[in-house]
Amino acid sequence: MRLQIATLALAAAQLAFPQGTPSISKATVNYSAKTVTATGTNLTGPAGKGVYSITFSGVALTLMSDSSTSITAKFPSSSPPVSFTPGTYSVNVFFKNANGGEDTTPQHNAFFVVALNQIGSQGPVGPARPR
């Protein structure tokens, strides 16, 4: 059973990226499975090699699956989603470069905010991210 309890507010609401750069449009936290799933476009990164690492408010998550439109990661048993107080949390997705290492170009990675235990409507589209 998937719970639509988390809402997504991108760092500046909706980030604008050039063609081929990752973009997150929605995130869902499944409390019973202890996972977060992000959906969007180009989610295997600019090099098409997939996710290198993902963090949730500084907590390293375990990558469960990734595709061009979806990333699912599991919270560690020491920090399940229910252990976070209601609020907003940063999520950082770092992709692999062409050689399989971490792509350190900021514009090639995805940064967004997830609200836990807060239900509300999506906010307005924000300004484009500077390049």
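A residue is called buried when its relative accessible area is under 20%, exposed when it is over 50%, and partly exposed in between (1.4 Å probe, protein chains only). What you have on screen is a predicted model, where local features need a pLDDT of at least 70, side-chain atom pairs count only at pLDDT 80 or more, and totals for chains, interfaces and linings use all residues. Numbering starts from 1 along each chain as its sequence is written, and side-chain values use heavy atoms, leaving out hydrogens and water.

**Stop 1: colour by confidence.** pLDDT is the predictor's confidence in each residue, on a scale from 0 to 100. The protein chain has a mean of 81, and 81% of its residues reach 70 or more. Now select residues 1-19: here the pLDDT is below 50, although the stretch has 63 contacts in the model beyond near neighbours in sequence. (A contact means heavy atoms within 4.5 Å.) Where pLDDT is low, the predicted coordinates should not be read in detail.

**Stop 2: switch to cartoon.** Helices (H or I, at least four residues) and strands (E, at least two) are DSSP runs, numbered from the N terminus. How many strands does the protein chain have? Nine, with zero helices. As for contacts with a separation of 6 or more, 62% of them in the protein chain come from residues 24 or more positions apart.

Stop 3: Two strands pair if DSSP finds at least two bridges between them. Pick out β2, β3, β7 and β6, and you have an open sheet in that order, with antiparallel pairing. β2 (23-30) and β6 stand at the edges with a single partner strand each, so one side of each lacks a neighbour in the sheet. On average, neighbouring strands here are turned by 20° against each other, direction ignored.

**Stop 4: zoom in on a hairpin.** Select residues 62-66 (β6) and 70-74 (β7), antiparallel strands joined by four bridges. Together β6 and β7 form a hairpin, with three residues between them. Which residue of β7 is the bridge partner of Ser65? Click on Thr72 to find it.

**Stop 5: Asp103.** Finish in the loop between β8 (87-95) and β9 (110-116), where Asp103 sits. Is Asp103 buried or exposed? Asp103 counts as buried, because its relative accessibility is 8%. Show what surrounds it: leaving aside neighbours within four places in sequence, Asp103 is in contact with Phe95, Lys96, Asn97, His108 and Asn109.

Technical notes:
Axes are lines fitted to C-alpha atoms, for helices over the stretch in contact, and angles run from 0 to 180 degrees between N-to-C directions.
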